[in-house]
Amino acid sequence: MEVKEILSFLQSTTRYVKSGMKNVDEQEYNYRMTICSTCNHRKNHKCTRCGCNLPLKCKWKTENCPISKW
């Protein structure tokens with residue numbers, strides 16, 4: 001992991017914890033994952049723009065797509 005990815009993950013985790021660890025509902029999660037599954041910035045389970053783990057990022061209510069797809 002690069003330093004940029006570590007910092008991004010820590011910032012995301014901090015927002016998530018401060019929100020009370022709120023998640024999106026299953027429908028929203030599936031919608032987000034579907035969009036990410038066809039994105040050219042996806043590599044395996046990772047977003048190459050922000051470095052986040054997509055299954056987590058798509059689940060956390062506090063998070064958004066770095067290129068505004070969701």
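Predicted model: local features only at pLDDT ≥ 70, side-chain atom pairs only at ≥ 80, totals over all residues.
**View 1. The aromatic cluster of F9, Y16 and W60.** Ring pairs join F9, Y16 and W60 into a cluster. The count of aromatic pairs comes to 2.

**View 2. The tilted pair of F9 and W60.** The ring centres of F9 and W60 are 6.4 Å apart. Their planes meet at 35 degrees, so this pair is classed as tilted, given that stacked rings require planes under 30 degrees apart and edge-to-face rings over 60. The pair connects distant parts of the chain, with F9 in helix α1 (residues 3-18) and W60 in the segment after α3 (54-59). F9 and W60 are 51 residues apart.

**View 3. The stacked pair of Y16 and W60.** Between the rings of Y16 and W60, the centres are 4.2 Å apart. The planes of Y16 and W60 lie at 10 degrees, so the pair counts as stacked. This pair, too, links distant parts of the chain: Y16 belongs to helix α1 and W60 to the segment after α3, 44 residues apart.

View 4. F9 is partly exposed, at 34% relative accessibility. W60 has a relative accessible area of 8% and is therefore buried, the limit for buried residues being under 20%. Y16 is buried as well, with a relative accessible area of 10%.

How values were computed:
Residues numbered from 1 in each chain as written. Heavy atoms only, no water. Phe/Tyr/Trp six-rings, centres within 6.5 Å; stacked < 30°, edge-to-face > 60°. Helix = DSSP H or I, 4+ residues; strand = E, 2+ residues; numbered from the N terminus. Buried < 20%, exposed > 50% of the residue type's maximum accessible area, 1.4 Å probe, protein only.
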